[in-house]
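Work through these exercises with the model open beside you. Try each task before you read its solution.

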Amino acid sequence: MKCLFSHYYIYISLLLVLSGCNDQRGTLALGTIERDQIALTATANEIITSQPMTEGSTIKKGEVVVTLQSQQQQTRVAKAQAVQQQAQAYLLRLTNGARPEDIAAAQAEVEQYQANFTDKNLDNQRIKQLFAKKMVSTAERDRAQTQRDIAQSELQTAINGLKKIVSGERIEDIKQAQAALVAAITDVTLQKQILQDYTIVATRNGIVESLPYHVGDRVMTNTTVAVITTNTTPYARIYVPEPYRVNIKAGSILTIHVDGIQKPYQGTVRWIATVPSFTPYYTLNGSDKARLVYLAKVDFPDSGRELPAGVPVQVEMPHER
């Protein structure tokens with residue numbers, strides 16, 4: 001009988017211990033330490049020509065990570081600059097007006113056609129008088145009239161050309177040339193920016209986590225060519241059990257336990273989801289399978305700045321109020 005009671009007490013004690021363990025597990029949110037990572041992508045379908053940094057090296061914002069072959073883009077920049085110079089020269093020609101030599105040549109042309117018209121007009125009058133006396137034929141009279149009309153048209157054309165040179169270009173033509181110059185300048189700026197982007201630089205201070213490709217590899221546009229882990233303070237990425245969601249919001253202070261470190265950290269909730277997620281596989285047990293969880297990010301204090309990513313953490317949940 002004593003042996004029976006002894007086994008009974010041991011069984012009760014074991015149930016109490018297991019119950020206590022389950023209660024402790026239920027008050028913790030599990031997760032891992034995470035750090036912000038920046039993925040730098042290729043800006044063109046080109047060959048990698050250099051990688052000044054190595055994996056694991058410290059890098060500062062603005063330092064070169066990868067450079068791409070840029071001969072084709074340099075040609076596009078030169079072509080855009082040539083178009084800009086052409087548009088600028090055309091606009092100057094319209095706005096500067098005609099040169100004195102051009103005006104003098106147009107005036108001389110008018111005088112030449114004026115003299116020719118005077119001569120043809122006199123001939124026409126003389127032929128008309130002879131025709132009235134029936135001394136020339138109708139064909140000769142018509143020929144003289146035609147020659148006079150042609151000379152008059154040539155004179156008028158020369159006069160109009162002189163007026164155009166003296167008056168200058170139309171305002172519509174000048175505005176069109178100005179717009180073409182603006183478009184050319186904009187294209188040069190764009191092509192230079194594209195050329196600059198062939199040199200891929202760090203956008204944040206941090207550590208070069210990964211360089212998936214090597215010098216000589218051809219990469220496709222938008223392919224990740226470098227991953228940088230930032231130097232910012234890490235955060236705990238955890239799954240909050242549904243019963244504690246209502247007591248947690250952005251700015252809440254939670255206690256974080258890190259595997260391998262005895263002293264806990266006091267973290268600040270950066271963000272918590274408003275929509276539940278599936279329970280992560282590593283929290284599944286008999287009581288957790290049907291429980292909803294909410295993804296959350298809890299920032300470590302400055303004392304946890306050097307913590308490595310990927311280490312498991314357990315975050316104490318607040319008690320119900």
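**Exercise 1. Find the ring that lies under R245, and give the distance.**

Step 1. Apply the rule: a charge sits over a ring if NZ of Lys or CZ of Arg is within 6 Å of the ring centre and within 35 degrees of the ring normal.
Step 2. R245 passes, lying over the face of Y294 at 5.5 Å from the ring centre.
Step 3. Now look at R270. Its charged end sits over the ring of Y235, 4.5 Å from the centre.

Some ground rules apply throughout. The model is predicted, so local features need pLDDT of at least 70 and side-chain atom pairs count only at pLDDT 80 or more, while totals for chains, interfaces and linings use all residues. Residues are numbered from 1 along each chain as its sequence is written, and side-chain values use heavy atoms, with hydrogens and water left out.

**Exercise 2. Identify the aromatic pair, and say which parts it ties together.**

Step 1. Rings of Phe, Tyr and Trp (its six-membered ring) pair if their centres lie within 6.5 Å; planes under 30 degrees apart are stacked, over 60 edge-to-face, and the rest tilted. This rule gives one aromatic pair.
Step 2. The partners are Y265 and F300. Their centres are 5.4 Å apart and their planes make 80 degrees, so the pair is edge-to-face.
Step 3. Y265 is in strand β12 (residues 265-272), and F300 is in the loop between β13 (293-299) and β14 (312-316). The pair therefore ties together parts that are 35 residues apart in sequence. Helices (H or I, at least four residues) and strands (E, at least two) are DSSP runs, numbered from the N terminus.
Step 4. Check burial. Buried means under 20% relative accessible area, exposed over 50%, and partly exposed in between (1.4 Å probe, protein chains only). Y265 has 12%, so Y265 is buried. F300 has 5%, so F300 is buried.
Step 5. Contrast S303, in the loop between β13 and β14. S303 counts as exposed because its relative accessibility is 58%.

**Exercise 3. Trace the strands that pair with β12.**

Step 1. Two strands pair if DSSP finds at least two bridges between them.
Step 2. Strand β11 (residues 253-258) joins β12 through four bridges and runs antiparallel. L254 stands opposite G267, and I256 stands opposite Y265.
Step 3. Look at the turn. β11 and β12 form a hairpin with six residues between them, and G260 there has a positive phi of about 90 degrees.
Step 4. β12 also pairs with β13, antiparallel, over four bridges. Here I272 faces A296.
Step 5. Go on from β11. Three bridges pair β11 with β14 in the antiparallel sense, and H257 has Q314 as its bridge partner.

**Exercise 4. Is strand β9 mostly covered or mostly open?**

Step 1. Count burial in β9 (residues 224-230). Six of its seven residues are buried, so β9 is mostly covered.
Step 2. List partners. Strand β2 (residues 37-41) runs antiparallel to β9, with five bridges. Strand β7 (residues 206-210) is also antiparallel to β9, over four bridges.
Step 3. Find V227. A39 stands opposite V227, and S210 has V227 as its bridge partner.
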